[in-house]
Amino acid sequence: MKWLHPLLDILAVVFILLLTSSSTLSQSTCVRNCLGWSQISNPADGSIKWAKLDPLTLPITIQSSGVINVKGAPYNAVGNAVADDTAAFQSAITAGLAAGGTLYIPTGDYLITDELVFSAVSTVSLPLRLLGDGGYTGQGKTRLIFQPASVKRGIVLISTQQLIFEGIEFISGNNNVSVLIDINAVQDVLVFSTFMTTFFRSSFRPFSGTTPTIAMMQVRNAALTTFRHCWFAGDSQKIILGGPADAAAGGGTAGQTLFEQSQIYWNIEIINAINTTFRGSIFARFTPTTPVRIYPAAAGFVRQVNTS
């Protein structure tokens with residue numbers, strides 16, 4: 001039956017050609033099927049390239065429509081660590097939340113001087129994926145550097161759904177950052193909880209000598225938050241899961257939070273959380289303090305699976 005595999009690959013190519021010939025791609029995109037064939041098309045010169053890729057290296061497919069490039073018009077982010085890219089990013093984020101799809105952030109050091117706010121635009125939010133070129137700590141190709149002039153948060157999620165952040169290095173750039181990543185929701189808005197947020201192959205760290213005034217990260221009024229293949233760098237930082245159980249503020253709970261195959265150098269304070277899981281992760285603390293602090297009667301179902 002070895003002859004069957006080449007035949008299947010040929011049929012796959014024919015299928016994708018038929019599929020893509022009926023639509024016009026707005027920019028360079030990648031379309032692949034389950035057999036791993038990838039078509040790279042460039043409308044500028046009409047060229048098409050094919051490659052047989054390992055499907056495991058492309059866990060999420062970039063669709064042929066709904067792609068926003070933050071460096072492209074009308075957003076025109078610069079990414080040189082000098083120009084202020086805040087307005088460009090906020091405009092692209094607002095457009096992405098309304099349309100769904102992919103917000104592509106090419107290689108660059110993007111200076112952000114204010115909060116980047118993701119707020120629900122309807123009761124049913126379209127999936128939005130923010131895709132960078134690499135988020136390994138200290139060597140990230142796509143880096144968001146937050147350096148506000150006054151006390152501000154960094155990334156702020158308010159009652160959003162189905163957000164994916166991939167291949168991005170998030171950096172707290174000065175002591176005016178109160179919380180680098182704030183995943184939150186408020187009651188009496190379109191969506192009660194911030195729901196199904198995923199950070200994948202990304203990292204989070206402060207510049208040397210800087211510390212957020214509250215925490216590097218806070219997850220509250222949120223459900224199904226996942227950190228997969230992430231790196232939490234910088235000693236003496238912390239993650240806060242949950243907040244005060246205030247019904248007027250949405251209950252405060254961090255529900256079903258998963259840390260999977262991640263490297264965690266921070267303390268984790270579990271204040272008000274349900275079903276927190278650490279799977280295949282490493283707590284690499286430089287100081288002998290307890291890496292996970294669970295407040296009395298404040299958390300349930302904390303699991304550690306193949307975690308050290």
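Reader: Is L128 buried or exposed?

Author: This is a predicted model. Residues under 20% relative accessible area are called buried. L128 has a relative accessible area of 1%, so L128 is buried. L128 belongs to strand 9, residues 128-132.

Reader: Which residues is L128 in contact with, leaving aside its neighbours within four places in sequence?

Author: Among them are I93, L97, G100, L103 and I164. G100 is 28 residues away in sequence, yet the C-alpha atoms of L128 and G100 are 4.8 Å apart in space.

Reader: How should I read a sheet?

Author: Strands of a sheet pair through backbone hydrogen bonds, either parallel or antiparallel. Here an open sheet of 8 strands has the order 5-7-10-13-16-19-22-25, with parallel pairing. Strand 5 (80-84) and strand 25 (282-283) are at the edges; each has a single partner strand, so one side of each lacks a neighbour in the sheet. Within the sheet, strand 10 and strand 13 pair over 4 bridges, and R143 stands opposite E169.

Reader: And how should I read charged side chains?

Author: Side chains of opposite charge can pair when their charged atoms come close. R153 forms a salt bridge with E115 at 3.2 Å, N to O, and another with D182 at 2.8 Å. D182 also forms a salt bridge with R220, with the closest N and O atoms 3.2 Å apart.

Reader: Where in the chain are R220 and D182?

Author: R220 is in the loop between strand 17 and strand 18, whereas D182 is in strand 14, 38 residues apart. D182 is buried, at 0% relative accessible area, while R220 is partly exposed, at 24%.

Methods: Residues numbered from 1 in each chain as written. Predicted model: local features only at pLDDT ≥ 70, side-chain atom pairs only at ≥ 80, totals over all residues. Heavy atoms only, no water. Pairing = 2+ DSSP bridges. Helix = DSSP H or I, 4+ residues; strand = E, 2+ residues; numbered from the N terminus. Buried < 20%, exposed > 50% of the residue type's maximum accessible area, 1.4 Å probe, protein only. Contact = heavy atoms within 4.5 Å. Salt bridge = Lys/Arg side-chain N within 4 Å of Asp/Glu carboxyl O.
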